[in-house]
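Subject: Handing over a structure

Hi there,

The sequence and the structure are just below, and my notes follow.

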Amino acid sequence: LAYHGYVVDSPTHRAFFSSLGLGDLPEAVIAVPLVHDNRLLGIIMAYGDESLKDPQHLETVQRAAEFLTEAMQNSLVKKAA
């Protein structure tokens, strides 16, 4: 399932976001899984300030995930043909 909300302050989250070059935790995160045939292919993640908590941003990232999953599926079908 998608996650849309705040980031819990934890050592794991601090290490993860630090590896992305962030000094502080973001105020909000959206994470949407890319799933095909019940297999997790990846995750699209957006992070930013408080304004990212607007539901419109979740819808935008979910549409992007659907588009990317469909494009990946079409690519796999073309390779199999």
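**What I found**

Let me start at one glycine: G48 is partly exposed, with a relative accessible area of 23%. Before going further, please keep in mind that this is a predicted model. The chain has a mean pLDDT of 91, and 95% of its residues reach 70 or more. Confidence is highest in helix α1 (residues 11-19), where the mean is 97, and lowest in α2, where the mean is 86.

**Around G48**

Back to G48, which belongs to strand β3. Which residues does G48 touch, once its neighbours within four places in sequence are left aside? They are P26, E27 and A28. For P26, the sequence separation from G48 is 22 residues, while the C-alpha atoms of the pair are 5.4 Å apart in space.

P55 sits in helix α2 and is exposed, because its relative accessibility of 52% lies over the 50% cut-off.

**The core**

If you want to look inside, begin with the largest nonpolar core. It has nine residues: A28, I30, V32, L34, A46, L52, L58, V61 and A65. The elements that give two or more residues to this core are β2 and α2 (55-80). Of these, β2 gives the most, with four residues. As general background, nonpolar side chains in soluble globular proteins tend to be buried together.

Two of the names above turn up again in the contacts. A28, one of the core residues, is also among the residues that G48 touches. L58, another core residue, touches I30 as well as A2 and H4, not counting residues up to four places away in sequence.

You will find H36 in strand β2, which covers residues 28-36. Is H36 buried or exposed? H36 counts as buried because its relative accessibility is 16%, and the cut-off is under 20%. Leaving out residues up to four places away in sequence, the contacts of H36 are L41, T69, Q73 and L76.

D37 is exposed, with a relative accessible area of 62%, and N38 is exposed at 79%.

F16, L20, V35, L40, I43, M45 and Y47 make a nonpolar surface patch of about 630 Å². Which element gives the largest share of this patch? The answer is strand β3 (residues 39-48), with four residues. L40, one of the patch residues, has its place in strand β3. L40 is exposed, since its relative accessible area is 59% and the cut-off is over 50%.

**Salt bridges**

Finally, the charged pairs. Side chains of opposite charge can pair when their charged atoms come close. How many salt bridges does the structure hold? There are two:

- R14 and D9 meet through their side chains, at 2.8 Å from N to O. R14 is partly exposed, at 38% relative accessibility, whereas D9 is exposed, at 51%.
- E50 pairs with K53, and their closest N and O atoms are 3.3 Å apart. E50 is partly exposed, with a relative accessible area of 45%, and K53 is partly exposed, at 31%.

Technical notes: Residues are numbered from 1 along each chain as its sequence is written. This is a predicted model: local features need pLDDT of at least 70, side-chain atom pairs count only at pLDDT 80 or more; totals for chains, interfaces and linings use all residues. Side-chain values use heavy atoms; hydrogens and water are left out. Patches are made of residues with over 30% relative accessible area and no salt bridge: like charges are joined within 9 Å, nonpolar side chains (Val, Leu, Ile, Met, Phe, Trp, Tyr) within 5 Å. Accessible areas come from the Shrake-Rupley method with a 1.4 Å probe; for residues, only the protein chains shown count as cover. A salt bridge is a side-chain nitrogen of Lys or Arg within 4 Å of a carboxyl oxygen of Asp or Glu. Buried means under 20% relative accessible area, exposed over 50%, partly exposed in between (1.4 Å probe, protein chains only). Contact means heavy atoms within 4.5 Å. A nonpolar core is a set of buried Ala, Val, Leu, Ile, Met, Phe, Trp, Tyr and Cys residues joined through side-chain atoms within 4.5 Å. pLDDT is the predictor's confidence in each residue, from 0 to 100.
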